[in-house]
Amino acid sequence: MKLRRRHLLLTGGATVGLGVLGYGGSVAVCSTSKTVTAKMIRPLFVAIGDILEPEIIGRAWLSRIGTRALHTRIHQRTDLLAATLIPDPAQRRAELSDVIRRDFARDETEVVENWVVSEAEAIIAGAWVS
Amino acid sequence: MFFDGRQQSGLPETDYDLIIVGAGPAGITLALELESLGLRIALLESGGQEYDDDAQRLNEGRIEGNDDEYDLQFSRLRWLGGTSNHWGGHCAPLDSIDFERSPGGGLSGWPFGRTELEPYYKKAHDYCELGAYRYNAAELVYGDTSGFLLHDNDKVETTVIRQSPPTRFGEKYSDRLEQSANIHVWFWTNVITVRSDDSGEWAETRTLNGVNRRFKGKAVVLAAGAIENTRIVLFSNQQGGTRLGDEGGLLGKCYMDHPSAGAGFIHFNRPVGDLVYWSDSSAHADEGVPLHFVLRLTEAEIAKRNLLNFQYYLVPFADVPQKVRDRWRAAKTGVTSLKNVAKRLLGRDIPVIGTPRTFSDDYCDFIANADAIAAVQAERIFAQPGHKRVLLRFESEERPHRTNFVALDPSERDALGMPRPVLHWATAEDDLAAIRETVQVFGNIVGAAGIGRVQLEDHDDDPYWGTTTAWHQLGCMRMAESPTSGVVDANCRLHGSNAIYVASGAVFPTSGRANPTLTIVALTLRLADHLSERMQG
């Protein structure tokens with residue numbers, strides 16, 4: 001069968017189009033999910049000022065566990081999610097301070113860049129730099 | 001009475017009731033304690049009444065492993081008073097947990113509990129000039145615990161280390177020893193070997209000028225420190241074809257020290273004022289005995305987590321930029337110059353240090369540094385008082401490991417013909433891991449209290465994690481009831497001997513966290529009771 005120029009153009013166009021659609025769609029879906037999470041956790045950043053070296057800790061922790069695990073951890077921490085719903089920033093900050101202290105009391109801590117930080121602190125710092 | 005062992009003649013007979021090898025804290029305590037029984041006691045001292053180069057050189061030896069900032073020659077001292085001549089004087093008893101748990105690795109722990117030593121600790125306080133036997137931190141500040149960083153709870157507590165003057169046992173007890181009719185101190189007399197047979201206990205001695213003597217006693221007590229005691233018994237076994245204290249292959253094994261280094265920092269949320277831990281805090285004493293305060297995990301917490309026993313000294317830590325230091329220096333110069341100007345105007349004398357200075361020198365120095373004086377004064381007025389950061393300096397227990405040991409050097413001998421010691425010592429990885437874990441646990445406690453955060457020292461930074469040492473030489477002749485589990489029995493008698501005993505940190509089966517001298521003296525007093533019964537019985 002003789003390959004017509006028109007067929008070649010159509011096939012090529014379709015392949016490129018599908019690729020673009022697939023990639024674009026994926027980017028859109030992922031960024032929507034990221035945006036949703038980012039929007040959801042933004043209220044936690046009120047506690048950033050209470051974390052020592054948040055950028056160093058956030059970057060180191062994030063590179064250790066990865067973005068996907070960060071999102072998983074955030075969704076597992078119902079106490080953090082509950083804190084995001086507190087409208088008053090001062091109250092929210094106080095609540096987060098309590099959450100962090102409870103982490104320390106339960107030994108839910110990690111050593112990140114030589115700092116002993118609570119898991120909540122690591123999550124907040126990681127989310128802040130992501 | 002004092003004798004110079006280098007003399008060939010004119011000296012007493014060498015047949016004694018008790019021969020004590022080494023006139024350090026243990027040897028002197030034992031001799032004085034048994035003096036009242038009327039026993040004839042020979043106290044054999046390698047050195048004289050003062051430091052001597054040739055005697056000190058007998059301490060030379062090799063270290064394989066942790067040889068940073070450590071040497072065998074000067075970590076131990078050879079003259080009357082022994083190593084108490086450079087002792088720091090920190091004293092605390094071992095903790096109950098130190099006696100209660102075994103160290104693992106198939107090794108046994110202490111064969112008795114802390115209560116066994118309590119009466120001897122109390123008595124040891126007198127020898128070490130420590131005042132009352134009191135270590136409860138809250139009681140010692142009369143209930144005012146506002147200077148504690150954390151309230152004592154089920155995880156953490158503040159505890160006390162008492163400060164001996166420090167007692168230089170040679171200086172302190174020299175007159176008593178010299179005046180005693182039945183204690184004979186033989187200076188310059190080095191024990192080469194010991195032997196135990198049906199006819200009695202023997203010590204072969206040699207002086208640096210070549211005088212050999214044989215001492216005979218109903219008992220011999222080795223009180224020459226962990227490394228020297230070990231060397232003497234190892235060499236005795238080598239020479240005599242015996243296995244004194246070595247049935248279980250543990251003679252010389254399980255050397256321990258107290259690794260010490262910066263563990264981490266506490267960064268406080270806000271500046272912290274005067275706490276009891278700062279070393280420049282002068283207000284804390286009990287009956288004139290200065291007190292040091294340290295933080296530690298409770299014994300319950302240590303047991304729960306199976307951690308090493310340890311203590312933290314809290315050291316205020318300042319990160320002062322060079323620019324600020326320069327300003328401080330300039331301000332100090334300016335203030336001194338201003339004072340000199342005032343003194344000149346008032347006609348007072350000014351001490352001349354270096355090149356004589358004129359009125360104009362001082363006046364111009366004051367003017368040149370006036371801005372620094374103003375800046376420093378402003379800092380003082382507006383700065384928040386207190387410390388934002390303190391260093392946690394740990395002193396930790398070291399687990400006994402067979403791989404840390406003292407042996408005889410096969411090629412090097414000292415001036416007396418004895419093989420020099422070789423110390424094989426390296427802080428074990430699992431010990432370092434346990435120390436790191438304690439910092440994290442402590443970080444959790446600080447975080448939960450809401451007072452700040454803990455930052456670990458950089459593990460890869462050798463100056464800290466290479467660990468320094470407290471020069472506490474312990475182990476090598478560990479105490480155990482069974483001759484296959486230890487080198488001496490619960491009475492400190494060398495297994496396999498009739499009456500060769502050890503009074504030294506050498507017998508510690510585990511090291512605990514406490515500075516060891518008080519326990520060494522307490523164990524010596526316990527041994528004195530045992531020998532008293534034995535000699536009189």
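How do the residues of the lining of the largest cavity divide into nonpolar, polar and charged? They divide into three nonpolar, two polar and one charged. In this classification Ala, Val, Leu, Ile, Met, Phe, Trp, Tyr, Cys and Pro count as nonpolar, Asp, Glu, Lys and Arg as charged, and the others, Gly among them, as polar.

The structure is a predicted model, in which local features need pLDDT of at least 70, side-chain atom pairs count only at pLDDT 80 or more, and totals for chains, interfaces and linings use all residues. Residues are numbered from 1 along each chain as its sequence is written, chains are lettered from A and ligands numbered from 1 in the order in which they are written, and side-chain values use heavy atoms, with hydrogens and water left out.

**Cavity and pocket**

Both terms refer to a 1 Å grid over the protein atoms alone: a cavity is a set of points where a 1.4 Å probe fits but cannot get out, a pocket is an open set with protein on both sides within 12 Å along at least five of seven lines, and lining residues have an atom within 4 Å of a point. Grid points are joined across faces, edges and corners, and a volume is the space filled by probe spheres set on the points.

A search of the whole structure finds one cavity of 30 Å³ or more. Its lining consists of Asn491(B), Cys492(B), Leu523(B), Arg526(B), Leu527(B) and His530(B). In the largest pocket, Pro25(B), Ser75(B), Thr83(B), Ser84(B) and Trp471(B) are the lining residues nearest the centre. Helix α7(B) provides the largest share of this lining, three residues. Helices and strands here are DSSP runs (H or I, at least four residues, for helices; E, at least two, for strands), numbered from the N terminus.

| Feature | Volume | Lining by class |
|---|---|---|
| Largest pocket | about 970 Å³ | 18 nonpolar, 21 polar, six charged |
| Largest cavity | about 30 Å³ | three nonpolar, two polar, one charged |

**Interface of chain A and chain B**

The contact (heavy atoms within 4.5 Å) involves 13 residues from chain A and 18 residues from chain B. The two chains bury about 1400 Å² between them, 51% of it on carbon and sulfur atoms; buried area is the accessible area (1.4 Å probe) that two parts lose on being put together, summed over both.

Nine residue pairs across the interface are in polar contact, both residues being at pLDDT 80 or more. On the side of chain A that touches chain B, α5 (89-105), β1 (109-112) and β2 (115-118) of chain A each supply at least two residues, and α5(A) gives the most, with four residues. A polar contact is a pair of N or O atoms within 3.5 Å; within protein, one must be able to donate a hydrogen and the other to accept it, and residues adjacent in sequence count only if both atoms are side-chain atoms.

**Salt bridges**

A salt bridge is a side-chain nitrogen of Lys or Arg within 4 Å of a carboxyl oxygen of Asp or Glu. The count over all chains is 47, and between chain A and chain B it is two. Asp107(A) pairs in this way with Arg305(B), the closest N and O atoms being 2.4 Å apart. Within chain B, Glu35(B) and Arg176(B) form a salt bridge (3.7 Å, N to O). Glu35(B) lies in helix α1 of chain B and Arg176(B) in helix α6 (residues 169-179) of chain B, so this pair ties together parts that are 141 residues apart in sequence.

**Backbone features**

Pro165(B) and Pro166(B) are joined by a cis peptide bond, with omega about 0°. Pro166(B) lies in the loop between β6 (156-163) and α6 of chain B.
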